[in-house]
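Here's a quick tour for anyone opening this structure for the first time. Have a look at it, then read on for the strands and the charged pairs.

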Amino acid sequence: MQNLMNVQNLTTSSDNGIDSQRLLIMVNETRKQYGEKPIRNNDFVEKIKDELEGEHYEISVVQKTNNTESEIIHMTLKQALRVAARESKAVRRSLIDKLEQLAASKSQAITTVPALPENYISALEALLESKKSEAALALVNKEQEAELHDLKSLFKEGMTPTQFCKMLNGVNTQKVNHWLADRNWLYNESQSGTRWRATSYARDRYLTEHQHLISVHGADDFIKHQPVLLRKGAERLYVLYRRGKVPMKLNWNGDFTHQKHVSLAS
């Protein structure tokens, strides 16, 4: 099971481990070297969770000044190597070399006393590298806050998955419900038509249901169940959209953009 830690314990991970934000900086620096696009913090955290599913690792929840939260995963270097193995061939080779060097330096630090800089220039170089890392980390946090702000402007209580996806550029909304059924979020309870219901797996995790009493002239009244998104479900859909997992239109222009308003009656 994962251990949930308070932000005050952020620096208490093992000397032989690494956290997701430091690993993300290494990944994006290496991707840049080989002309590849950087990965956002939220997508990277999801990627780590997927790779390390069922394993022990630690999660720190960091509270932002705007009252939003972000997660930082603390893992062993062995686990980090497996995360690195999911990168492209060129990026993977360079990352593995860097992680092995990091492991060696951590091992040496346990048995040796850190040496003072030989001269003033080396001290300045060390300070410069530290500032570069701080700047890169600040950029990651800024991108994450912007993404959370985007999601806050998109999601409204009572939205169905289709209504939410209409706000995301390029999504084929006609296929969304069938795609969610393949992911075990929805099921069709009708034998002759289409009546979507939330599965037991997704109910209260990603979805809830609104009930409407339908009156039919000359027939018995019946209750219609309409699956609607919870905020957690909207966050998960947004992550899957940014990762290219949602069904897209054939004429999609490749941009992950969104519109700010959509009618809930649509």
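## Strands side by side

Ile-18 stands opposite Met-75 in strand 4. Strand 2 covers residues 17-19 and strand 4 covers residues 69-76, and the two pair in the antiparallel sense over 3 bridges. Strand 4 also pairs with strand 3 (residues 58-63), again antiparallel, this time over 6 bridges. In that pairing, Gln-63 sits opposite Glu-69.

A word on terms: two strands pair if DSSP finds at least two bridges between them. Helices (H or I, at least four residues) and strands (E, at least two) are DSSP runs, numbered from the N terminus.

## What you're looking at

This is a predicted model, where local features need pLDDT of at least 70 and side-chain atom pairs count only at pLDDT 80 or more, while totals for chains, interfaces and linings use all residues. Residues are numbered from 1 along each chain as its sequence is written, and side-chain values use heavy atoms, with hydrogens and water left out.

## Charged pairs

How many salt bridges does a search of the whole structure find? There are 12 (a salt bridge being a side-chain nitrogen of Lys or Arg within 4 Å of a carboxyl oxygen of Asp or Glu). One of them joins Arg-31 to Glu-87, with the closest N and O atoms 2.9 Å apart. This pair links distant parts of the chain: Arg-31 is in helix 1 (residues 20-33), Glu-87 is in the loop between helix 3 (77-84) and helix 4 (89-111), and they're 56 residues apart. Arg-31 is buried at 13% relative accessibility, and Glu-87 is buried too, at 5%. Here buried means under 20% relative accessible area, exposed means over 50%, and partly exposed is in between (1.4 Å probe, protein chains only).

Glu-46 and Arg-236 make another salt bridge, their closest N and O atoms being 2.5 Å apart. Glu-46 lies in helix 2 (residues 41-51) and Arg-236 in helix 8 (residues 231-242), so this pair ties together parts that are 190 residues apart in sequence.

Then there's Arg-197 with Glu-189, at 3.1 Å from N to O. Arg-197 is buried, with a relative accessible area of 14%, whereas Glu-189 is partly exposed at 30%. Elsewhere, salt bridges that share partners join Asp-50, Glu-51, Glu-55, Arg-82 and Arg-86 into one network.

## A glutamine in helix 6

Is Gln-163 buried or exposed? Gln-163 counts as buried, at 5% relative accessibility. You'll find Gln-163 in helix 6 (residues 161-165), and its side chain reaches the backbone nitrogen of Thr-160 at 2.9 Å.

Note on methods
Polar contact = N/O pair within 3.5 Å; in protein donor to acceptor, adjacent residues only side chain to side chain.
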